[in-house]
Amino acid sequence: MTPPNLTSPPPPFTVDQFARFWSAPDASLIVGEMFAPDVVGDWPGDPEPVRGFAAYRARVAQLLEQIPDLTLEVAEHASSGPYLFIRWIARGTGPDGPFETTGIDRIRIENGRVAENIIRFDPATLPAAA
(Lines give C-alpha, C1' and ligand atoms only; values in the text may rest on other atoms or scores of the structure.)
Protein backbone atom coordinates (compact mmCIF):
# COMPACT_ATOMS: atom_id res chain seq x y z
CA MET A 1 0.00 0.00 0.00
CA THR A 2 1.32 3.42 -0.96
CA PRO A 3 1.35 5.99 1.87
CA PRO A 4 -0.67 9.15 1.26
CA ASN A 5 1.13 12.10 -0.24
CA LEU A 6 1.18 14.52 2.68
CA THR A 7 2.36 17.40 0.51
CA SER A 8 -0.48 17.32 -2.00
CA PRO A 9 -2.63 20.43 -2.03
CA PRO A 10 -6.27 20.30 -1.00
CA PRO A 11 -8.82 19.81 -3.76
CA PRO A 12 -9.65 23.11 -5.46
CA PHE A 13 -12.56 25.18 -4.19
CA THR A 14 -15.65 24.53 -6.31
CA VAL A 15 -19.16 25.82 -6.98
CA ASP A 16 -20.44 22.63 -5.32
CA GLN A 17 -18.59 23.52 -2.10
CA PHE A 18 -20.11 27.01 -2.22
CA ALA A 19 -23.60 25.53 -2.71
CA ARG A 20 -23.17 22.99 0.12
CA PHE A 21 -21.93 25.60 2.57
CA TRP A 22 -24.66 28.14 1.81
CA SER A 23 -27.47 25.55 1.91
CA ALA A 24 -26.95 25.37 5.71
CA PRO A 25 -24.24 27.92 6.55
CA ASP A 26 -22.14 27.68 9.69
CA ALA A 27 -19.11 29.96 10.02
CA SER A 28 -17.24 27.26 11.96
CA LEU A 29 -17.21 25.23 8.72
CA ILE A 30 -15.08 27.89 7.01
CA VAL A 31 -11.71 26.23 7.29
CA GLY A 32 -8.26 27.36 6.27
CA GLU A 33 -7.80 24.58 3.72
CA MET A 34 -10.39 26.29 1.49
CA PHE A 35 -8.98 29.82 1.82
CA ALA A 36 -5.63 31.48 1.29
CA PRO A 37 -4.21 32.87 4.57
CA ASP A 38 -4.33 36.37 3.05
CA VAL A 39 -7.79 36.00 1.46
CA VAL A 40 -9.57 39.25 0.59
CA GLY A 41 -13.34 39.63 0.93
CA ASP A 42 -15.11 42.68 -0.48
CA TRP A 43 -18.75 43.19 0.61
CA PRO A 44 -20.89 46.10 -0.55
CA GLY A 45 -21.39 48.72 2.12
CA ASP A 46 -18.22 47.83 4.02
CA PRO A 47 -15.75 50.72 4.19
CA GLU A 48 -12.81 48.44 3.30
CA PRO A 49 -12.36 44.85 2.14
CA VAL A 50 -11.54 42.37 4.89
CA ARG A 51 -8.07 40.86 4.66
CA GLY A 52 -6.87 37.58 6.07
CA PHE A 53 -8.58 34.31 6.89
CA ALA A 54 -9.67 35.27 10.44
CA ALA A 55 -11.23 38.56 9.28
CA TYR A 56 -12.98 36.84 6.36
CA ARG A 57 -14.45 34.15 8.59
CA ALA A 58 -15.52 36.78 11.16
CA ARG A 59 -17.31 38.79 8.44
CA VAL A 60 -19.32 35.74 7.35
CA ALA A 61 -20.07 34.94 11.02
CA GLN A 62 -21.31 38.52 11.51
CA LEU A 63 -23.68 38.16 8.55
CA LEU A 64 -24.99 34.84 9.91
CA GLU A 65 -25.52 36.36 13.36
CA GLN A 66 -27.61 39.12 11.78
CA ILE A 67 -29.60 36.70 9.60
CA PRO A 68 -29.43 33.25 11.28
CA ASP A 69 -31.64 31.54 8.68
CA LEU A 70 -29.80 32.98 5.65
CA THR A 71 -29.30 30.58 2.76
CA LEU A 72 -27.95 31.10 -0.74
CA GLU A 73 -29.05 29.01 -3.70
CA VAL A 74 -26.76 28.85 -6.73
CA ALA A 75 -28.81 30.07 -9.68
CA GLU A 76 -26.07 30.23 -12.33
CA HIS A 77 -22.31 29.90 -12.46
CA ALA A 78 -19.41 30.16 -14.85
CA SER A 79 -15.65 29.96 -14.72
CA SER A 80 -12.87 31.70 -16.59
CA GLY A 81 -9.29 30.78 -15.80
CA PRO A 82 -8.78 31.23 -12.05
CA TYR A 83 -12.21 32.86 -11.56
CA LEU A 84 -15.57 31.46 -10.51
CA PHE A 85 -18.67 33.57 -11.03
CA ILE A 86 -21.71 32.54 -9.01
CA ARG A 87 -25.12 34.20 -9.21
CA TRP A 88 -27.11 33.31 -6.13
CA ILE A 89 -30.54 33.79 -4.64
CA ALA A 90 -30.53 34.67 -0.94
CA ARG A 91 -33.42 33.90 1.38
CA GLY A 92 -33.84 34.63 5.05
CA THR A 93 -35.78 36.57 7.61
CA GLY A 94 -35.08 40.21 8.39
CA PRO A 95 -36.68 42.66 10.80
CA ASP A 96 -39.64 43.08 8.41
CA GLY A 97 -40.11 39.36 7.77
CA PRO A 98 -38.98 36.97 5.04
CA PHE A 99 -36.97 38.34 2.13
CA GLU A 100 -35.45 37.13 -1.13
CA THR A 101 -32.75 38.87 -3.14
CA THR A 102 -30.05 38.03 -5.63
CA GLY A 103 -26.36 38.78 -5.99
CA ILE A 104 -23.07 37.53 -7.35
CA ASP A 105 -19.73 36.35 -6.02
CA ARG A 106 -16.61 36.68 -8.15
CA ILE A 107 -14.12 34.28 -6.60
CA ARG A 108 -10.43 34.12 -7.56
CA ILE A 109 -8.78 30.76 -6.92
CA GLU A 110 -5.03 30.39 -6.31
CA ASN A 111 -3.47 27.00 -5.63
CA GLY A 112 -6.95 25.55 -5.15
CA ARG A 113 -7.92 28.07 -2.46
CA VAL A 114 -10.13 31.14 -2.41
CA ALA A 115 -7.73 34.09 -2.62
CA GLU A 116 -10.29 36.81 -3.25
CA ASN A 117 -14.06 37.05 -3.13
CA ILE A 118 -15.86 40.10 -4.45
CA ILE A 119 -19.50 39.95 -3.36
CA ARG A 120 -22.05 42.18 -5.05
CA PHE A 121 -25.72 42.74 -4.25
CA ASP A 122 -27.98 45.69 -3.54
CA PRO A 123 -27.48 46.28 0.21
CA ALA A 124 -30.98 47.74 0.47
CA THR A 125 -32.41 44.30 -0.37
CA LEU A 126 -30.50 42.42 2.35
CA PRO A 127 -31.74 43.66 5.74
CA ALA A 128 -28.57 42.95 7.76
CA ALA A 129 -26.30 44.65 5.25
CA ALA A 130 -28.37 47.84 4.91
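This report describes the sheet and the helices of a predicted model.

The strands form an open sheet of 6 members, arranged in the order β2-β1-β6-β5-β4-β3 with mixed pairing. Strands β2 (50-51) and β3 (71-80) stand at the edges; each has a single partner strand, so one side of each is left without a neighbour in the sheet.

In general, strands of a sheet pair through backbone hydrogen bonds, in either a parallel or an antiparallel sense. Examples of both arrangements are given below.

## Pairing around β6

Strand β1 (residues 35-42) and strand β6 (residues 113-121) run parallel and are joined by 4 bridges. Within this pair, Gly-41 has Asn-117 of β6 as its bridge partner.

Strand β5 (residues 97-110) also pairs with β6, here in the antiparallel sense, through 8 bridges. Arg-108 is placed opposite Glu-116 of β6. The hairpin of β5 and β6 has 2 residues between the strands, and Asn-111 in this hairpin adopts a positive phi near 50°.

## Pairing of β3 and β4

The edge strand β3 is antiparallel to strand β4 (residues 83-94), and 9 bridges connect the two. Ala-78 stands opposite Phe-85, a residue of β4.

## Helices across the sheet

Helix α1 (residues 15-23) lies across β3, β4 and β5, and runs at about 170° to β3. Helix α2 (residues 53-66) lies across β1, β2 and β6, with an angle of about 45° to β1.

Notes: Residues numbered from 1 in each chain as written. Predicted model: local features only at pLDDT ≥ 70, side-chain atom pairs only at ≥ 80, totals over all residues. Heavy atoms only, no water. Pairing = 2+ DSSP bridges. Contact = heavy atoms within 4.5 Å. Axes fitted to C-alpha atoms, helices over the stretch in contact; angles between N-to-C directions.
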